[in-house]
Amino acid sequence: MSQQYRTSNGGQINRARSISFTFDGKSYTGFEGDTLASALLANGVHLMGRSFKYHRPRGIQTAGSEEPNAIVELRTGPRKEPNTRATTIELFDGLVAKSQNRWPSLAFDAMAINNLFSPLLSAGFYYKTFMWPASFWTNVYEHVIRRAAGLGTAPTEADPDFYEQCHEHCDVMIVGAGPAGLSAALAAASTDARVILLDEHPLLGGSLNSENFSIDGKPGNEWAAEAVAKLEAMDNVHLMTRTTLFGYYDHNVVAAIEKVSDHLPVPAKGHPRQRMWTFYPGRVILATGATERPLVFGNNDKPGVMLASAARTYANLYGVKPGRRAVIATNNNDAYRSALDLHRAGVNVVAVVDSRQHPGTQLVAELEKLSIRLIAGATVGAAEGRQHVKAAQIVTTQGDTLDPERIECDLIAASGGWNPNVHLHSQSGAKPVYDDSITSFIPGDSRQAEVSIGAAKGSFSLQNCLDQGTAAGAEAAKLAGFKAANIKAASAKDEGAYAIEALWISPTPYNKSFKQFVDQQNDVKSSDVALASQEGYDSAELLKRYTTQGMATDQGKTSNVNTLAILACQRGEPVPEVGITTFRPPYVAVAMGVFAGHTVGYDFMPVRRTAIHDWNEKQGAVFIEAGLWLRARYYPQRPGDTMNDCYIRETNATRSNVALVDVTSLGKIDIQGPDAAEFLNRLYINNWLKLPIGKARYGIMLREDGMVFDDGTTSRLAENHYYMTTTTANAGPVLAHMEQYHQSEWPELDVVFCSVTEQWTGIAVAGPNSRKLLEKVIDIDLSNEAFPFMAAGECRMNNIPGRLFRISFSGELAYEINVPADYGEQAWLELLEAGKEMGVSVYGTEALGTMRIEKGHVAGSELDGRTTAKDLGLEGLANRGKHFIGKHNSERPALLDEGRLQVVGLKSLVVDRNLRIGSQLVDPKVKLATVNQSQGHITATTYSPQLECGIALGLLRDGASRHGEQLDAVFPLDDETLKVEVCHPVFIDPEGELVRA
Amino acid sequence: MLRIECPWCGIRNEDEFSYGGDASVQRPTDDASQDDWYDYVYTRNNPAGRHSEYWHHANGCRAWIKVERDTVSHEIFSVTPASPNLPSGNRED
């Protein structure tokens, strides 16, 4: 029979529209408006999964996002989503869900044997049970724990949907659209304030939809619908459904997740799955309501045990009977509503068990009218049944518990009282305080522009909610700078007092020990709290970490206050003495995809392309990422060409003839002003005051701690005009460094500068025939006399304006031409055209690297932030007679001492074997296992076509004085040892004759 | 999320800025002692409370600014240009 637990009428579901779905492979039907939980309950399905540690059968506890137990795997394939609350999943056609953490099946779970071994899994078991022997960790413990404990499994395919991020400003934000939130929105929106009202449910109204309230003479849900319609029609109101505020951050910034498409089989075309919102509200009103807490009795985790409010929510909102014979257990007046509502829905309410000795007389009369039995001064001591509740064992709360009364039932609807949802208030930096009158925590003093109202403030009467909402909405608008609103609160029928008397833990029948769960998702029992307390973990924060209470995906929404109170009982102190743990975002589990938003895959980072990129692509160049830049790494010429084939060919072509390389990604900074030279003089270790116009100079910058920061050439183009280049990696940091010193330390210097990296395309023309090639297209005299090594100047290349620099990274006769980026590709093509008859070629960053290693130029791998100019053999550049950044700290004794790592060249003594970056340099006479024997390491390697062997640069202790020594280069990860010879880092043309030719 | 009022651009999100270190330390003069220079680079207070720090409006106007911030509550008391010798920002202009 289908939906045998559905009431004959009532509920805010659309009975005309049937929806079919499957759970654990079995097909069911529900109605539009159902959640997965309500639809399963309508079909009599309570068993939802197995618990985390003990694999106990678990069912539905709640009707909202606080659910600890009914968590399922939703959907299949790439859209599979583990650990999803059945109580918040809106039913859609074709929905597929699966229970979790069971094997081989939900009804028979082999791991339930953990239940018998529970003494091994008690508080702190992570620290006690799996300690030794160490060898068991990877092979046994980790394997077994991973399999036995845990929740759902993550999907293995990429998420096909996309996620969005949005930002919005408003004057008043109201979180939660129950009676308080709606009242606040109506009041705030009656001014001109921009109002955002958001709620996590698809239907606005909060408890007005799940309770039988009456406001202004109308049913509560009708009043809510009218209020929503009124707000919807206003231009200054943004209503958001299916939106949960999950984080309250500094400076009143809050974040929410909007589940745009989760209620659909797949998102509509062009729609995101979910959206993350960052809001900048002037004022925040937290009308987040309250969460009911369970009673802590034996076997209180059995399917069929449910929160009292959840039971009536299923009846009222979804038209579902959560059982046929119900026992209501309570310590307050509120749960009497469940008795009345369940009775009205056709559930046989066999007893109301009230732990208070003297329940309110009005309620007693109401039960009498319906012939519902009331047992005062008693509570449920334990639930009976294997996979579902069969009976409740009733014990008295005072005196004898040896002889419980047994009441047969299939539903125990229990209320331990209500906890205001102070999570967001706590996240905002405020401290909740304990309120004895409701035996729970209420908001304390505000730290940010927020206020809590209604049930979130501990005011549980409906009229209070309406009054506080109206007042808070008007006040918030006023504080945000708007004219006060004059609006009257709606009036509700008196619901009577709440009148709670604390009952933190139930007496156990027969004095037997039952498992009494506090945190059902992490399987933490009252006995674990006691044990942790005995072992000294008796502060709230320690207890949480030792027992893992509150650390599951539900963040302990139903368990935190019970745990603290039980701890207080253990310590024999009042609850406020124990304190409360700090709530941290997110309030609900948020998918990583939402935080990533659009920045995934191709859009993860911006891509910077040079003007020559398209040409490179057409040539089939293989690219490498250099920061955000894509640079051509090498150019395969024929099928099967390896990287080695390419860079060796490209290097040989450069050194024997002429070749071009795209060097656009180097940072370029244009510097102008009368004090430009003085500015450079302070930034660089070398002297800049006497650099003539038309000359370039290689410079080294230090950090303030004396370590080398960056290097590059800077040219003087005119009297007060300089043009700096930086390494690709440091283009941004060098600019920021210059800005900081100019703005904070030397604002008196009359100099301006800005990055022009993207304005200019850089092309290096290198090789013995480079002058011959350039002479064909450049309009200035390139003879060695007219344009010598380190010359710089403006020129025209055919009709393209440019700047020419005679600088060389390759060690060959070479030039670098910069042209405006829009001419970049044209300049490249014209150079190739002009050099065609000479056989000009191109090279990528691999050949560039090979030639720089052969020439012994240091680069990023040697400028590792730990090397000084002296370490790099560049101390000769420094002018210590002037002031420069890093001067003083580079003179610290330890940096001048012997024993520092210094740059060296290394030659492989093994034929046909290249060296490896990261290999450690060790004395061949010392055994490998000896500690502390590394004398340095290799920073850059290549095969040298010039030397016809593997060469490298490295950093070696006192390396400058050790040329000629033989060492071992060891790479222990691959058990590789190669013999190397230490040499001068400049392998070719040490006198620099080529570059000056 | 801190919201920092750039003297030139107005209130902007923290992620437009990058942190630039302690602004309470004074860069020594060139003739200062080695110890002063050492302290300037390495010795820092770690106050719980009011703290003066540099921020760089890196994804904005590129200004370096000094922010007086409470390191516990994150309250921001003042934001000024990095150097008092720079003309102060005037957004009304």
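Is Phe460(A) buried, partly exposed or exposed? At 23% relative accessibility, Phe460(A) counts as partly exposed, because the buried class ends under 20%. This is a predicted model. Across all chains, 21 aromatic pairs are counted.

**Pair Tyr434(A)–Phe441(A)**

- Among the aromatic pairs is the one between Tyr434(A) and Phe441(A), which is edge-to-face.
- Their ring centres are 5.3 Å apart, with 70° between the planes.
- Tyr434(A) counts as buried, with a relative accessibility of 18%.
- Phe441(A) counts as buried too, at 4%.

**Pair Phe460(A)–Tyr498(A)**

- Phe460(A) and Tyr498(A) have ring centres 4.8 Å apart and planes at 75°, so this pair is edge-to-face.
- Phe460(A) sits in the loop between strand E28 (450-452) and helix H11 (462-479) of chain A.
- Tyr498(A) sits in the loop between H11 and strand E29 (517-519) of chain A.
- The pair therefore ties together parts that lie 38 residues apart in sequence.
- Tyr498(A) is buried at 14% relative accessibility, whereas Phe460(A) is partly exposed at 23%.

**Ring cluster**

- Phe679(A), Tyr741(A), Trp746(A) and Phe753(A) form a cluster.
- Ring pairs provide the links between these residues.

**Charges over rings**

- Arg324(A) places its charged end over the ring of Tyr5(A), 4.3 Å from the ring centre.
- Lys557(A) lies over the face of Tyr587(A), and the distance to the ring centre is 4.5 Å.

How values were computed
Residues are numbered from 1 along each chain as its sequence is written. Chains are lettered from A and ligands numbered from 1 in the order in which they are written. This is a predicted model: local features need pLDDT of at least 70, side-chain atom pairs count only at pLDDT 80 or more; totals for chains, interfaces and linings use all residues. Side-chain values use heavy atoms; hydrogens and water are left out. Rings of Phe, Tyr and Trp (its six-membered ring) pair if their centres lie within 6.5 Å; planes under 30 degrees apart count as stacked, over 60 as edge-to-face and the rest as tilted. Buried means under 20% relative accessible area, exposed over 50%, partly exposed in between (1.4 Å probe, protein chains only). Helices (H or I, at least four residues) and strands (E, at least two) are DSSP runs, numbered from the N terminus. A charge sits over a ring if NZ of Lys or CZ of Arg is within 6 Å of the ring centre and within 35 degrees of the ring normal.
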